[in-house]
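Hi,

Here is the structure I said I would pass on. Have a look, and my notes follow below.

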Amino acid sequence: MVSIKFSRKSLSALLAEELDDEQLAELLIQAKCSVEKMGEEIQLEITGDRPDLLAVQGVARALNGLLNADKGMPELKLGKQEGELFVEESILPIRPIVVGAFVKGIAFNDESIKEAMEVQEKLTLTHGRKRKKVAIGLHDSSKLKPPFHYRCVGPEGVKFIPLNYTSEMTPSQIMEGHEKGKEYKWILDGKHFPLIVDSADQVLSLPPVINGALTALSESTTNVFIDITGMDFRACNTALSILCHNFSDSGASIHPLKVVYPKNDLKLRTVITPIIEAEKMRLSVKEVNRQLGTDFGVKKITECLQRQRISAKASGNVINCEIPSYRTDFMHPIDLVEEVALGYGYNNFIPQAPRVFTKGSKSEQTVFVERVRDLMVGAGFLELSTYVLTSRKRMEKHGHSGWEAIELENPVSAEYSSVRSSLMPSLLEVLSENTHAEYPQRIFEIGEVVIKQPSHHSGTHTKTMLHLSAAIAEKESNLSETSSILFEVMRALGKRVSFKESYLRKYIQGRAANVLLLRDLQSKSIGVCGELSPELLEEIGLQMPVSVFEIELMEVNEIE
Amino acid sequence: MVNYNERLVLEALSKGLKRSADEIALALNVPKPTVMSIAESLKQEGFLELFDEKTVSFISLTGEGLEYYEKGLPEARLMQLMKASGNSLPVEEIPRKALLSQKEQGIALSWIVKSGAARISKDSQRKSILHLTTHSPFPSERALKFIGRARITKSALTGEEALGADLLLQRGLAEEQEQKKVMLKISIKGLESLKHSKEAGELSSLTPEMLRAGSWKGKKFKEYDLKTILFPVQLGRKHPYNSFVSTVREKLVGMGFREVHGHLLELEFWDMDALYMPQNHPAREIHDIFKIKDPRLGELPEEIFQKVREAHRHGGKTGSRGWDYEMSREVSASVILRSHDTVISVRELAKTLHPPDRVFNISRVFRPDEIDWKHFIEFNQFGGFVADENTSFRELLGTLKTFAEEVFQARKVKFAPSYFPFTEPSVELHAEIPGKGWAEVGGAGMFRPELLSAVGVDFPVIAWGLGVDRLVLDKLGYKDIRQLFTHDIELLRKSKMV
């Protein structure tokens with residue numbers, strides 16, 4: 001989601017109808033814009049599939065369709081080709097794609113310059129992958145002398161005044177000293193720098209980093225040259241098409257640019273940009289109705305598509321669609337089905353209540369967990385639900401040791417940098433944070449933990465286990481009580497456990513036990529119980545005896 | 001005449017020594033306020049004397065203080081950054097480099113200078129440069145770490161930490177509470193009354209021995225004072241959130257959904273690729289994911305991996321254009337923390353299913369996100385799908401409407417267009433919740449053909465996810481999303497069931 005802003009005035013100037021706030025908000029939602037703020041200034045959130053909606057012109061274009069004012073695919077009239085751009089051999093291994101166009105007769109003011117810059121920023125941020133895939137330069141073309149050249153230069157290979165600066169800089173100085181240089185130098189290798197110059201060697205831009213100061217837009221700018229460079233032709237051309245449609249909707253005329261490649265191979269051949277040819281796709285009436293659960297006729301479907309600014313012509317039970325070149329989100333006819341639903345309006349559908357019978361059920365795991373929980377609550381324990389994320393330090397401080405921590409590569413906070421492998425540290429943390437609360441404190445948690453397990457069927461070399469842990473903090477808390485409770489809980493679940501001496505350091509010597517699950521004359525260790533050592537209690541700031549147990553209940557999703 | 005409770009207190013003082021109210025409370029196993037109210041009434045009747053003795057001062061962190069306890073003080077985070085940047089940094093670069101909010105930047109700069117840990121000078125271009133002069137931790141940071149979530153007596157703090165604690169108090173990051181130590185001493189009248197009540201032979205309670213011997217006959221029992229009869233009782237209780245989850249689960253089961261579970265750790269392949277979210281594309285970034293350091297890479301399910309790769313490349317056998325790129329094995333095999341519950345649905349779909357089928361899961365998911373009152377990096381999702389030859393977008397809307405009515409008690413619903421890379425059409429569910437108003441409560445859509453085909457499904461599937469955490473928060477009267485996972489025992493004891 002990207003947030004965009006524009007003034008209500010700019011939108012109204014482009015809309016076919018006057019709308020009040022409520023009507024406008026409703027229509028914006030139908031056009032897939034999430035409304036964040038409505039008033040003199042409008043703020044919208046735009047989803048990643050719709051870069052065409054990142055500008056006020058694109059939003060207005062969509063709304064005019066829904067208002068039935070403009071139908072079908074918008075026609076972009078191109079003027080005659082204006083100039084040429086020669087791509088030089090040297091740039092091909094670095095950043096080979098370039099497209100562009102000339103825009104004439106723009107009436108800029110302070111606000112529309114700001115809006116144009118914002119559209120460019122947002123387009124390159126999302127659609128352009130932070131300028132790596134697509135970078136855009138807008139230039140006042142009055143001082144330029146085409147044809148242009150697109151080449152690669154070295155770190156000291158050119159000197160020009162970058163935007164917002166007053167003195168000349170080399171590419172390496174820009175990368176180190178200019179804020180945009182520092183921000184975007186990661187895209188380049190530090191040795192090769194793309195450069196667009198005109199026939200008099202005046203620098204237009206050093207894409208994808210910075211434009212030259214020479215061609216900066218101002219309120220007196222009437223003609224603009226757009227350069228778009230990148231790694232992917234389709235993405236670059238879509239961005240160009242979006243910008244050309246926007247300028248054209250604001251009353252400017254668009255003149256194509258001829259991009260000439262040194263060798264005319266299949267991938268990189270000479271083109272005249274923008275390419276605004278519509279994408280063609282066929283949609284069957286049957287498919288629409290099957291997916292939507294409707295019985296729409298050809299006419300209704302065609303109308304819905306037209307409202308979405310898609311050209312649609314019926315031929316029998318098939319609709320031939322033409323999708324404007326500024327849309328990026330069509331891969332499959334299902335994408336047209338959504339357009340039909342959008343054109344019809346989601347809230348105009350009559351929701352269909354589920355018709356077929358299916359048997360609902362809780363999982364066996366849930367049934368089991370609910371039993372354990374009921375038993376523990378019956379034994380007077382307060383249930384906790386704590387975070388799965390913790391840190392190695394926190395776990396160790398609370399007596400957990402001798403395990404392989406599963407740590408995050410990219411934690412957002414040191415306190416939450418590991419996945420827990422035991423519940424007990426969290427329970428002890430809770431006790432140490434509640435020394436002011438009324439005693440006795442009897443707490444438990446049933447929760448998921450993660451344990452390393454090579455070649456596990458999940459493919460992650462780990463397994464997710466369900467554990468039960470409990471702690472009693474009170475004057476006379478002891479091993480005898482915790483083990484008895486555990487024994488009774490397990491007996492109620494139809495399982496038998498026995499206890500065997502354990503000498504873990506966190507417990508008082510001789511007051512801890514391994515918990516063994518007995519089954520078919522076999523026994524398996526499933527956990528521990530014991531009285532915490534005074535050293536540990538002191539370490540975590542507790543002045544009350546604490547006895548605990550933790551056992552594994554089952555593996556999550558054991559049977560696949 | 002003293003009642004039963006009052007007599008217990010007098011008996012505890014019967015040796016004639018001064019004892020503190022805390023001691024008595026501990027000895028009788030009753031809360032201190034109860035002891036105090038009994039003592040007050042005994043004092044009025046002259047049975048005992050009360051003395052105020054020395055006060056004890058406690059210190060604990062405020063809400064803001066706790067936030068810094070988790071994130072680190074702004075100046076400490078700035079110091080970290082400065083260390084990493086070779087001890088000096090132009091002031092104008094701080095906003096861009098440091099992960100500090102605007103407010104925090106001001107705080108950080110002001111305190112790092114005020115504490116003498118750094119100084120500001122101008123360089124040749126008249127730019128302000130910040131120089132770090134020491135690497136030793138701030139006293140306030142040390143005090144912050146020491147106090148943490150606990151309530152500490154002030155005398156436990158010494159040296160640097162005490163110094164730091166004073167600074168925390170000044171800055172409103174910690175607060176101080178004083179507690180008087182109240183001492184009780186029995187009076188002569190009290191001692192006499194005790195003696196007298198023993199002689200009067202009033203019984204304090206009925207015992208099995210009395211019943212066996214019949215010695216209760218003709219005796220009188222001490223009467224209770226109903227004003228002081230209540231003791232705090234610790235009930236065994238289900239966690240309020242889990243209790244709400246059970247209610248929702250019952251409703252989903254009632255609607256014909258069966259429950260499934262998944263793994264906390266997943267392959268990025270299942271979490272993202274299998275959901276037709278292209279690598280290195282904005283559609284992947286509808287949210288971020290946590291990666292695991294070790295095990296870093298897992299084992300890919302080869303057969304499905306190839307099919308999914310084909311779907312990303314050119315749409316597989318669906319007639320789709322596909323994303324037109326080559327999936328990286330290494331990205332797919334990365335081990336991550338489950339970032340959304342949809343991964344459980346797609347894993348379920350990859351098994352052999354027999355439509356019609358309705359499936360749901362309730363799962364903990366993880367996303368690197370800003371931590372504040374309405375966001376945490378861990379939260380719960382309710383999600384699932386309906387697989388049925390005849391299901392449709394209209395049925396999806398009908399299913400969502402039923403959820404809104406059943407789970408959220410909504411009176412009205414609205415549907416808004418939305419975008420998820422794995423569904424088309426996609427929709428957002430908005431519901432008018434009683435006492436709350438309109439809220440977005442879920443996202444849904446029909447799984448894309450590229451996704452279904454790659455996991456071998458040839459019937460339509462509608463998928464949905466509900467966000468209930470904010471609703472539970474309102475119902476429980478909590479103010480912060482993190483309270484759903486609270487460590488506060490008293491809060492859990494006092495929470496109502498919802």
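In what order do the seven strands of the open sheet in chain B run? The order is β8-β11-β12-β16-β15-β14-β13, with mixed pairing. (Strands are DSSP runs of E with at least two residues, helices are runs of H or I with at least four, and both are numbered from the N terminus; two strands pair if DSSP finds at least two bridges between them.) At the edges stand β8 (258-259) and β13 (412-417) of chain B, each with a single partner strand, so one side of each has no neighbour in the sheet.

Before going on, some housekeeping. This is a predicted model, in which local features need pLDDT of at least 70 and side-chain atom pairs count only at pLDDT 80 or more, while totals for chains, interfaces and linings use all residues. Residues are numbered from 1 along each chain as its sequence is written, chains are lettered from A and ligands numbered from 1 in the order in which they are written, and side-chain values use heavy atoms, with hydrogens and water left out.

Back to the sheet. Strands β12 (residues 378-387) and β16 (residues 461-466) of chain B run antiparallel and are joined by six bridges; B:Ala387 has B:Val461 in β16(B) as its bridge partner. Lying across β8, β11 (357-366), β12 and β16 of chain B is helix α12 (residues 240-254) of chain B, at about 160° to β11(B). (Contact means heavy atoms within 4.5 Å; axes are lines fitted to C-alpha atoms, for helices over the stretch in contact, and angles run from 0 to 180 degrees between N-to-C directions.)

Next, the cores. A nonpolar core here is a set of buried Ala, Val, Leu, Ile, Met, Phe, Trp, Tyr and Cys residues joined through side-chain atoms within 4.5 Å. Buried is under 20% relative accessible area, exposed is over 50% and partly exposed is in between, with a 1.4 Å probe and protein chains only. The largest core has 148 residues, and those with the most contacts inside it are A:Leu305, A:Val419, A:Val546, B:Phe269 and B:Phe393. Helix α17 (residues 393-407) of chain B gives the most to this core, seven residues. Leaving aside residues up to four places away in sequence, A:Val419 touches residues of both chains, among them A:Ile406, A:Val450, B:Leu265 and B:Leu337. There is also a second, separate core of 71 residues, including A:Cys236 and A:Leu257.

Now the charges. Over all chains there are 68 salt bridges, counted when a side-chain nitrogen of Lys or Arg is within 4 Å of a carboxyl oxygen of Asp or Glu. One of them joins A:Glu89 to A:Lys263, 3.7 Å from N to O. A:Glu89 is in the loop between β4 (83-87) and β5 (97-104) of chain A and A:Lys263 in the loop between β12 (253-260) and β13 (271-273) of chain A, so the pair ties together parts 174 residues apart in sequence. A:Glu89 is partly exposed at 45% relative accessible area, whereas A:Lys263 counts as exposed at 51%.

In chain B, B:Arg309 and B:Glu326 form a salt bridge at 3.9 Å, N to O. B:Arg309 is buried at 15% relative accessibility, while B:Glu326 is partly exposed at 44%. Finally, a network of salt bridges links A:Lys362, A:Glu370, B:Arg249, B:Glu250 and B:Glu259.

Cheers
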